[in-house]
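Q: Could you take me through a structure that I have not seen before? I would like to begin with the whole and then turn to the parts.

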Amino acid sequence: MSVQIAELQGKNGLPPVKFGEEVTGAETLLRCLILEQVEYIFGYPGGAVLPIYDSLYGSYFKHILTRHEQGAIHAADGYARATGKPGVVIATSGPGATNLVTGIATAQMDSVPLVCITGNVPQSLIGTDAFQEANITGITIPITKHSYFVRDVRDLPRIVKEAFHIATTGRPGPVLIDIPKDVSNAVAPFHYPEKVEIRAYKSTVVPSDEEVQKFVQVISEAKRPVIMAGGGIISSGADKELRAFAEAARIPVINTFMGLGGFPGVHELSLGMPGMHGNYTANQALLNADCVIGLGARFDDRITMGRTKEFAPKARIVHVDIDPAELGKNVETAIKVTGDVKSTLEKALPLVSRCDSEEWIAQLKKWQAEYPYSYKKEDQVLKPQEVIELLYESTDGEAIITTDVGQHQMWAAQYYKFKHTRSFISSGGLGTMGFGFPAAIGAQIAHPDRTVIAVVGDGGFQMTNQELAILSQYKVPVKVAIINNQCLGMVRQWQELFYDNRYSEIDLTCSPDFVKLSEAYGVKGLRASTPEEAKAVWAEALQHDGPVVVDFRVAQGENVYPMVAAGNTLDQMVLGDE
Amino acid sequence: MQRHTIAILVNDQPGVLTRVATLFGQRGFNIDSITVGGSEEPGLSRMIITTGGDEQKIDQLMKQLYKLIDVITVTNLSENAFVSRELALIKVSASPSQLAELNAIVEPFRATIVDVGPNSLIVQVTGDTEKIDALLVLLETYGIIEVTRTGSMAMARSVVPVPASV
Ligand SMILES: Cc1ncc(C[n+]2csc(CCOP(=O)(O)OP(=O)(O)O)c2C)c(N)n1
């Protein structure tokens with residue numbers, strides 16, 4: 001049979017793709033990925049994806065071979081968060097696929113677009129408990145936006161097209177495609193659909209004029225308004241619109257943890273982060289506001305403390321979100337706007353007028369001056385907060401910071417003032433230890449010319465530190481700052497405060513020598529134990545043209561303050577012992 | 001806690017039942033009954049699920065259901081007048097000599113005896129849940145050996161229900 005072979009000219013340096021040619025499922029997949037403008041693939045091979053890896057051989061794609069599938073998916077996630085483009089990860093069947101699970105859940109909780117491709121055993125073996133068989137679509141149902149099991153190679157192009165569409169539109173999220181080996185090997189003429197047609201799936205969400213008018217109306221009546229800007233600012237790319245809106249209406253802005261960087265932390269209207277470890281002013285703003293404007297923020301229990309009836313008690317709550325299920329989910333809302341933040345603000349900007357908020361702003365500034373984040377410095381002891389301040393000052397807030405999970409994560413959120421969108425990358429929703437370091441690899445690959453710093457604890461770093469190999473293998477110049485308190489710090493803090501100093505299973509004194517460990521992987525390693533050393537060593541690290549791991553030996557007993565204990569309300573805030 | 005009967009129109013895809021059922025579990029809802037079958041359109045199935053929860057929680061559940069890619073529409077039938085039916089087969093401990101007596105009991109329920117054995121017979125009944133419960137109470141005096149029920153099938157009365165908006 002002769003086929004008509006059309007060739008689609010490559011764009012943006014992408015190779016051309018031929019249509020109509022008989023190719024295998026594996027080759028089909030790769031052609032789809034080219035057409036989706038994918039450049040980087042993070043992954044790990046195995047039996048069920050051998051056909052795909054064979055097609056990858058010598059191909060155009062830049063494949064990053066991590067040392068664990070969890071590393072691959074967090075790296076893909078970091079890449080996606082740093083760029084807004086979907087991250088792509090490939091893993092084999094069974095254990096390869098199940099090693100992705102934590103990363104998929106992490107991405108789902110933070111609405112990160114990922115396309116996860118897993119292999120599976122041939123369909124003839126499905127359901128037989130075959131070697132390395134796992135029902136990964138079943139396992140991941142609760143943690144994916146959607147998933148596919150591919151039964152026929154002819155469905156593959158449509159499925160890949162849909163997967164990218166679903167992952168990146170609406171409220172973004174991870175989509176899984178499970179491809180049995182027989183489908184990767186089967187052949188069919190290659191075609192790619194031009195359009196996606198998914199019945200009932202709404203992807204573009206522009207709010208109605210009526211909703212936007214109500215939104216603007218309520219805001220204009222407020223005297224003590226505050227914007228609570230969440231991760232939706234970043235994923236919808238609304239940072240410029242937010243800034244223009246806040247300035248035009250004279251409304252101070254709180255950035256939720258996921259929203260850090262979506263509004264410049266150095267702006268005169270910036271109040272910083274609210275919630276459990278948020279600052280005094282941001283929390284007071286919520287307690288005293290007469291109008292809280294949630295923009296792409298989901299009123300998470302780290303902010304409402306689960307006491308939703310007592311949250312922002314004097315305020316009318318206005319909520320804009322692309323996901324209608326978030327509106328009214330956690331708190332009672334006066335005005336609900338279903339829309340992505342960017343198009344909502346674009347529509348609202350010409351209508352908005354200046355609020356009568358100067359008195360309110362003056363009060364907030366007073367609080368800010370009276371109650372900044374604070375800690376006690378000591379000459380010979382390095383304080384973790386001091387390290388974060390050092391990172392901030394040395395990079396002037398221009399670096400991309402990824403963090404792991406624990407105390408250091410909160411200090412990074414508190415003491416680094418993020419100026420730009422997509423410059424703070426951290427697992428907010430799931431709180432995944434082991435995330436920070438591989439995520440930095442993904443972010444650095446996406447932005448080879450920017451300074452990317454992974455701020456990690458000595459605990460979490462050891463969950464994925466084998467990815468140090470990637471730094472040397474692919475020359476990825478990530479700077480790793482280990483905030484080494486020789487224990488599971490955040491757990492230590494809770495045990496001190498709520499379990500009567502009964503320190504159960506938090507001792508990490510028997511960790512490896514991180515300097516030697518780094519060197520074993522061919523990565524420069526440095527150590528600092530005093531404020532003075534820290535400065536010198538960090539300057540050396542920044543100057544070094546390549547990856548560096550710095551082991552910052554910090555005071556062990558330091559706690560994250562302010563703190564609102566779980567179960568309390570925002571006015572029951574402990575400012576700390578400084 | 002109120003009872004709700006929810007109709008969900010879904011793509012007839014493998015795994016779609018698991019997705020819907022998982023979502024109920026994930027969001028803390030217990031499924032009291034679930035029926036699934038074809039619909040008026042080829043390729044689409046309709047699920048009828050009965051569950052409990054207050055207004056606000058059900059509203060949230062319906063919005064979450066809408067987020068599933070294979071879900072086409074979600075309707076809370078309990079918001080308007082609707083018809084609901086269940087089918088039950090009830091095996092009763094009785095001998096053929098008691099047939100007339102049992103017939104007299106099941107007839108007002110428009111139930112029928114569909115099988116007679118030496119020591120047992122099977123009653124088939126359709127109706128709403130309460131009616132079936134009522135018949136079960138009457139038959140209990142004879143001894144019930146086995147019961148199998150379909151769970152609710154349901155449909156809005158006369159007017160076409162408007163699916164929950166998202
Ligand atoms: C995978 C995983 N396991 C357990 C936890 C619970 N947890 C939260 S913070 C923390 C301690 C983290 O210690 P470390 O990495 O040393 O950072 P530090 O708090 O000392 O800055 C733990 C165990 C988690 N978030 N993730």
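This is a predicted model: local features need pLDDT of at least 70, side-chain atom pairs count only at pLDDT 80 or more; totals for chains, interfaces and linings use all residues.

Q: How many helices and strands does chain A have?
A: The secondary structure of chain A comprises 23 helices and 24 strands.

Q: What are the dimensions of chain A along its principal axes?
A: The C-alpha trace of chain A spans about 80 × 60 × 45 Å along those axes.

Q: And how does its radius of gyration fit with a compact globule?
A: A compact globule of 578 residues would have a radius of gyration near 25 Å, and chain A has 25 Å, so the two agree.

Q: What share of chain A is buried?
A: Of its 578 residues, 60% count as buried. The accessible surface of chain A is about 22400 Å², and carbon and sulfur atoms account for 49% of that surface.

Q: What about contacts in chain A between residues at least 6 apart in sequence: what share join residues at least 24 apart?
A: That share is 74%.

Q: Which domain does UniProt place at residues 24–135 of chain A?
A: The UniProt record, an unreviewed entry, places "domain: Thiamine pyrophosphate enzyme N-terminal TPP-binding" there. In the model, that span is 41% helix and 19% strand, and its end C-alpha atoms lie 23 Å apart.

Q: Let us look at helix α3 of chain A. How does its end-to-end distance compare with what it should span?
A: Helix α3 of chain A covers residues 69–83, and at 1.5 Å a residue its 15 residues should span 21 Å; the end C-alpha atoms are 21 Å apart, so the distance agrees.

Q: Is that helix mostly covered or mostly open?
A: Helix α3(A) is mostly covered, with 14 of its 15 residues buried.

Q: New topic: which strands make up the six-strand open sheet in chain A?
A: The order is β18-β17-β19-β20-β22-β21, and the pairing is parallel. The edge strands are β18 (424–425) and β21 (524–528), each of which pairs on one side only.

Q: How many bridges join β20 to β22 in chain A?
A: Six bridges join strand β20 (residues 479–484) to strand β22 (residues 548–553), and the two run parallel. One example is Ala481(A), whose bridge partner in β22(A) is Val550(A).

Q: Where does Asn288(A) lie?
A: Asn288(A) lies in helix α12 of chain A, which covers residues 280–288.

Q: Is Asn288(A) buried or exposed?
A: Asn288(A) has a relative accessible area of 17%, so this residue is buried, the cut-off for buried being under 20%.

Q: What does it touch, leaving out residues up to four places away in sequence?
A: Asn288(A) touches Arg224(A), Lys314(A), Trp360(A) and Trp367(A).

Q: Now chain B. How many residues of strand β1 are buried there?
A: Eight of the nine residues of β1(B), residues 3–11, are buried, so the strand is largely enclosed by the rest of the structure.

Q: Which strands does it pair with?
A: β1(B) pairs with strand β3 (residues 44–52) of chain B in the antiparallel sense over nine bridges; there, His4(B) has Thr51(B) as its bridge partner. Five bridges join β1(B) to strand β4 (residues 71–76) of chain B, also running antiparallel, and Ala7(B) has Thr75(B) as its bridge partner in β4(B).

Technical notes
Residues are numbered from 1 along each chain as its sequence is written. Chains are lettered from A and ligands numbered from 1 in the order in which they are written. Side-chain values use heavy atoms; hydrogens and water are left out. Buried means under 20% relative accessible area, exposed over 50%, partly exposed in between (1.4 Å probe, protein chains only). Helices (H or I, at least four residues) and strands (E, at least two) are DSSP runs, numbered from the N terminus. Two strands pair if DSSP finds at least two bridges between them. The expected span of a helix is 1.5 Å times one less than its number of residues. UniProt positions are given in the numbering used here, feature names are shortened, and annotations may be inferred rather than shown by experiment. The radius of gyration is taken over C-alpha atoms; the globule rule is 2.2 Å times the number of residues to the power 0.38. Contact means heavy atoms within 4.5 Å. Accessible areas come from the Shrake-Rupley method with a 1.4 Å probe; for residues, only the protein chains shown count as cover.
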